[in-house]
Amino acid sequence: MQNPEVVNQYGRVLVEHVLVLAPCQTALDSQLHGQQAEERTSGNRTMERREFVASLVAGGCAGMCVDLTLYPLDTVKTRLQSQQGFFKAGGFRNIYAGVPSAAIGSFPNAAAFFVTYECTKTLLGSAGPLATPHVAPVTHMLAASLGEVVACLIRVPAEVVKQRTQASPGSTTYHMLLATLRQEGVSGLYRGYGSTVLREIPFSLVQFPLWEYLKTLWTQKQGHTPSSWQSAVCGAIAGAVAAYVTTPLDVAKTRIMLAKSGTTTASGSIPLVLCEVWKSRGISGLFAGSVPRVAFISVGGFIFLGAYDKFRRSILCQPT
């Protein structure tokens with residue numbers, strides 16, 4: 001039989017060890033949880049950086065793919081919409097006039113749009129009233145609109161030089177840039193910024209919610225996320241619908257950009273320009289260039305959104 005004093009001694013020692021080790025264990029547990037939380041935060045930051053880079057690179061590559069592939073159609077559309085008429089603006093001659101400005105501006109323009117679009121969509125959809133699925137189209141509309149406002153800061157100068165070169169095939173991109181800066185200064189490069197934004201926002205309000213909606217329908221039908229080519233088909237349909245609906249705004253934007261400095265048209269009043277077009281050419285004038293525009297943007301939507309989805313998934317190592 002054990003001595004009670006020995007048992008009590010062992011009991012006291014055991015209690016002392018527990019009292020000493022308990023705070024240590026608590027500190028270790030706290031440190032472990034802190035490290036795990038820090039690892040999760042670090043992992044989230046790494047993922048956010050990867051998604052940011054993926055949107056940047058994929059958007060830029062997609063923009064260059066579509067702009068350079070479909071450039072001749074864009075030239076035809078610009079010349080159809082010009083005040084001097086299609087054949088006087090160059091007809092089918094020198095169809096790649098102005099392509100350097102498109103090539104230079106396409107990557108940063110598309111990259112800026114998609115970075116803004118994805119970031120805004122994530123922020124608006126992460127919490128608050130816009131996080132619920134039934135108001136997802138509103139989130140997509142707001143994200144696309146903000147993306148266009150940012151992207152147009154890069155797009156408009158490139159567009160001004162490009163369209164003026166397209167409508168004056170005897171000139172080069174470099175000479176047209178110098179002529180614009182000499183005659184109008186930097187503000188000349190932003191001629192039509194307001195009309196471009198007012199054209200692009202309605203376009204995006206139609207295209208991107210429709211694109212996301214079509215992808216959602218396809219997902220529900222087949223039970224998994226659409227592949228890149230399926231996303232491209234959704235982009236083509238959404239682009240065609242948005243392109244036709246917003247053609248009058250595109251006509252106004254083209255007229256403002258091509259107008260001579262100091263004229264009424266050059267002032268940038270969209271309602272005024274649309275009234276002039278309506279009086280001179282009627283409904284056909286408001287939808288001038290709609291066929292090449294719809295063709296350009298539907299095929300462009302297929303390439304642009306399909307390539308964006310493909311590049312983004314490849315960068316993020318997701319199945320395509």
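Helices α4 and α9 are roughly perpendicular to each other (a term for angles of 65 to 115 degrees). Their axes come within 10 Å and cross at roughly 75 degrees. The model is predicted: local features need pLDDT of at least 70, side-chain atom pairs count only at pLDDT 80 or more, and totals for chains, interfaces and linings use all residues. Residues are numbered from 1 along each chain as its sequence is written, and side-chain values use heavy atoms, without hydrogens and water.

**Helix α4 with helix α9**
- From α4, the residues V156, E159, V160, Q163 and R164 make contact (heavy atoms within 4.5 Å) with K253, T254, M257 and L258 of α9.
- By class, four residues of this contact are nonpolar, two are polar and three are charged.

**Helix α4 with helix α5**
- Helix α4 (residues 136-166) packs against helix α5 (residues 173-184) at an angle of about 115 degrees, and their axes are 9 Å apart.
- That angle makes α4 roughly perpendicular to α5.
- The α4 residues V161, R164 and T165 meet T173, M176, L177, T180 and E184 of α5.
- This contact of α4 with α5 has three nonpolar, three polar and two charged residues.

**Residue E118**
- E118 lies in helix α3, which spans residues 99-126.
- Leaving aside neighbours within four places in sequence, E118 is in contact with S55, Y308 and R312.

Note on methods
Axes fitted to C-alpha atoms, helices over the stretch in contact; angles between N-to-C directions. Helix = DSSP H or I, 4+ residues; strand = E, 2+ residues; numbered from the N terminus. Parallel < 35°, antiparallel > 145°, perpendicular 65-115°, else oblique. Nonpolar A, V, L, I, M, F, W, Y, C, P; charged D, E, K, R; others polar.
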